[in-house]
Amino acid sequence: MGSLLIKNATAILPMTGPDQILYNADLAIEGKEIKYVGNVPAEFQPDTVIDARGKVVMPGLVNCHNHAAMTLLRSYADDLPLMEWLQKKIWPIEAHLNSEDVYWGSLLACAEMVKSGTTLFADMYFEMGRVAEAAQVVGIRANLARGMIGFGPNAERAINESVELVECWHCKADGMVKVMLGPHAPYTCPPEYLERVMKLADDLKVGIHIHLAETKAEVEEIKEKYGTTPVKLMDQIGLFKGRQVLAAHCVHLTDEEMEILANHKVGIAHNPESNMKLASGVAPVPRLLELGAVVGLGTDGPSSNNNLDLMQEMRSAALLHKVFTMNPTVLPAYTALEMATVKGAQALGYDNLGQLQPGYLADIILIDLEKPHLYPRHDLIANLVYSATAADVDTVIVNGRVIMTERKLLFVDEKEVIERAEARTKELLARAASEK
Ligand SMILES: CSC[C@H]1O[C@@H](n2cnc3c(O)ncnc32)[C@H](O)[C@@H]1O
Ligand SMILES: [Zn+2]
């Protein structure tokens with residue numbers, strides 16, 4: 001394992017507190033971990049040196065909820081509510097997806113994510129071994145769950161494939177891939193199925209990734225079927241007890257439910273842009289944060305967002321909650337950055353990621369500040385959240401390895417990925433038309 005010195009950074013933002021910014025500082029990496037932050041002793045002899053003059057060095061961004069291969073379905077179905085979008089458009093075409101489609105769609109997603117500063121993503125989809133391969137090729141860290149629908153012909157298959165995914169990939173690829181179980185949602189997974197999934201998660205010692213309380217329609221359906229709300233139903237069956245749970249959306253919550261999620265330290269993936277686009281609602285994030293809940297940021301899939309850009313998602317989160325509460329002090333810029341880094345890492349169960357500290361995993365991005373829209377610099381944090389864009393991400397390091405430099409992906413041919421993903425999309429549509 002090599003060593004790397006990032007020197008002369010205009011600023012280092014360790015994400016250990018809003019006032020903790022180091023100016024004209026250095027950072028050293030040895031192997032996959034951060035060794036020094038701020039001052040690096042003269043005896044440290046790096047294999048590689050990166051000059052970060054004019055750049056800010058900060059933790060890589062964490063995308064807490066995605067369906068990466070849905071890049072192939074970007075702009076395929078828009079401007080619909082969730083259930084109509086899923087039932088009439090998405091599920092019918094997903095029935096024709098094959099493993100090659102998922103591989104190239106995921107490669108395209110990984111390229112897009114790295115180019116916008118993401119170093120770790122949580123994904124729930126099908127053919128997840130192929131998603132792991134794509135992540136490994138690009139060099140991005142991944143937290144993967146095989147999506148499980150708990151009724152119909154594929155319910156058993158989803159369980160078997162989840163076990164296989166854990167056996168093949170959990171903590172593999174130099175620790176860069178982790179696996180969770182992925183029961184899709186309370187409205188697609190009845191309690192008896194969820195109880196099997198919980199037992200399996202405990203036997204395999206992995207966490208659970210689920211969609212939860214996304215729409216009013218979901219809450220009404222669950223109330224009608226089970227006489228209680230989705231979060232309370234999950235609490236009653238013991239989902240949150242003694243295991244890592246990542247719950248995507250959590251839009252429609254009562255005060256009591258917010259306390260349940262906060263007290264159990266459930267990782268909440270807030271997806272403001274998907275929630276806006278599908279008109280699902282506005283998650284009560286400011287109140288959840290007041291209660292101490294662990295809230296990270298996600299894009300959701302590229303077919304409901306329609307991009308995988310966490311720089312935009314940070315800005316959207318900060319702006320949405322200000323206008324929704326009619327209070328500009330709500331969700332300040334630093335809080336949005338925390339959700340995209342350290343809180344996101346915690347939501348996925350990492351306690352050594354998302355901050356720049358000695359001993360932490362070296363997932364780091366360099367943002368080029370020498371741009372007209374990033375001057376003047378009254379407030380670096382405000383500039384990063386309100387003014388910076390994906391195109392300002394210059395260098396990306398994951399697990400101590402540089403995977404993008406000067407915006408060039410080092411381990412994948414971007415043009416080939418675009419061409420192959422486009423070809424898979426055309427084939428998918430043709431296959432769907434002929435199999436009708
Ligand atoms: C069973 S694999 C995952 C499954 O989830 C679908 N999906 C994509 N976005 C959403 C969303 O916002 N809510 C619920 N389900 C969603 C995806 O198309 C796959 O079928
Ligand atoms: Zn989703």
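Leaving aside neighbours within four places in sequence, which residues is aspartate 300 in contact with?

**View 1. Aspartate 300 and its contacts.** The answer is His65, Asn66, Asn271, Ser274 and Asn305, where contact means that the C-beta atoms, placed from the backbone, lie within 7 Å. Aspartate 300 sits in the loop between β13 (294–297) and α11 (310–325); helices (H or I, at least four residues) and strands (E, at least two) are DSSP runs, numbered from the N terminus. Aspartate 300 counts as buried because it has 29 C-beta neighbours inside 10 Å. Here, buried means 20 or more other C-beta atoms within 10 Å of the residue's own, exposed means 12 or fewer, and partly exposed is in between, with C-beta atoms placed from the backbone.

A word on the model before you look further: it is predicted, so local features need pLDDT of at least 70 and side-chain atom pairs count only at pLDDT 80 or more, while totals for chains, interfaces and linings use all residues. Residues are numbered from 1 along each chain as its sequence is written, and chains are lettered from A and ligands numbered from 1 in the order in which they are written.

View 2. An unreviewed UniProt entry lists His65, His67, His211 and Asp300 under "binding site"; positions follow the numbering used here, feature names are shortened, and annotations may be inferred rather than shown by experiment. These residues are spread over 236 residues of sequence, yet they cluster in space, with a largest C-alpha distance of 11.8 Å. Histidine 67 lies in the loop between β6 (61–66) and α1 (82–94). Histidine 67 is buried, because 25 C-beta neighbours fall inside 10 Å. Beyond four places in sequence, histidine 67 contacts Asp123, Met124, Tyr125 and Gly301.

**View 3. The shell around ligand 1.** Ligand 1 is surrounded by 18 residues, the closest being Ile90, Gly147, His184, His211 and Gly301; a residue is near if its C-beta atom, placed from the backbone, lies within 6 Å. Two or more residues each come from α1 and β7 (118–125), and α1 gives the most, with four residues.

**View 4. Methionine 113 in helix α2.** Methionine 113 belongs to helix α2 (residues 99–115). Methionine 113 counts as buried because 30 C-beta neighbours lie inside 10 Å. Setting aside neighbours within four places in sequence, methionine 113 contacts Asn63, Thr118, Phe121, Ile140 and Leu308.

Methods: Contact = placed C-beta atoms within 7 Å.
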